[in-house]
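Please work through the exercises below with the sequence and the model side by side. Each task is followed by a solution that goes step by step.

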Amino acid sequence: MENQLLPDEAKDRLTRTCRTAVGDSLRSLTYINRFDYEQVYLRDDLERDADLNSFIGNEWHDFKMTQDAYRGSELGDYRYTIRVFENGYLVRITIEDSGVFITTDGITMQDFEALSQAVEGVLDEWAVAE
């Protein structure tokens with residue numbers, strides 16, 4: 001898919017933000033909104049054959065369900081989701097209308113937290129600018 005949801009400068013910023021947080025463990029980075037998605041980064045050693053359309057549909061739907069299900073709970077506000085797979089992790093970081101899903105190799109909980117905070121900061125800044 002050859003979408004241009006983000007200008008090159010924004011893609012570079014998101015990639016730098018993620019690489020700063022998790023280094024070479026970053027596998028892929030995909031920007032999402034309610035209507036579309038754009039793969040921003042894919043590490044050179046990975047295949048370009050993932051069915052991103054299915055992933056995005058599931059992740060966006062799950063975000064809305066999770067956000068609604070836990071609204072007002074004692075756990076506090078939803079922050080991000082980590083999914084664990086045999087060959088890596090998927091991290092979904094979303095704000096109201098947009099977000100990213102990021103895949104990584106093994107990283108620590110502190111790395112996930114740093115990644116989430118950094119990406120949320122960028123997404124929040126862009127939401128205010130719109």
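Predicted model: local features only at pLDDT ≥ 70, side-chain atom pairs only at ≥ 80, totals over all residues.

Residues are numbered from 1 along each chain as its sequence is written, and side-chain values use heavy atoms, with hydrogens and water left out.

**Exercise 1. Describe the secondary structure of the chain and the order of its elements.**

Solution. Begin with the elements, where helices are DSSP runs of H or I with at least four residues and strands are runs of E with at least two, numbered from the N terminus. The chain has three helices and five strands. Next, follow the sequence, along which these elements come in the pattern α-β-β-α-β-β-β-α.

**Exercise 2. State what share of the 130 residues in the chain is buried.**

Solution. Apply the cut-offs of relative accessible area, computed with a 1.4 Å probe and protein chains only: buried is under 20%, exposed is over 50%, and partly exposed lies in between. By this rule, 44% of the 130 residues are buried.

**Exercise 3. Find how many salt bridges the whole structure holds, and examine the one between Arg-19 and Asp-24.**

Solution. A salt bridge requires a side-chain nitrogen of Lys or Arg within 4 Å of a carboxyl oxygen of Asp or Glu, and the search of the whole structure finds eight. In the bridge between Arg-19 and Asp-24, the N to O distance is 2.8 Å. Turning to accessibility, Arg-19 is partly exposed at 32%, whereas Asp-24 is exposed at 59%.

**Exercise 4. Explain which parts of the chain are tied together by Glu-113 and Arg-79.**

Solution. First, the closest N and O atoms of this salt bridge are 2.8 Å apart. Second, Glu-113 lies in helix α3 (residues 109–129) and Arg-79 in the loop between α2 (52–70) and β3 (81–85), so the pair ties together parts that are 34 residues apart in sequence. Finally, Glu-113 is partly exposed at 25%, and Arg-79 is partly exposed at 34%.
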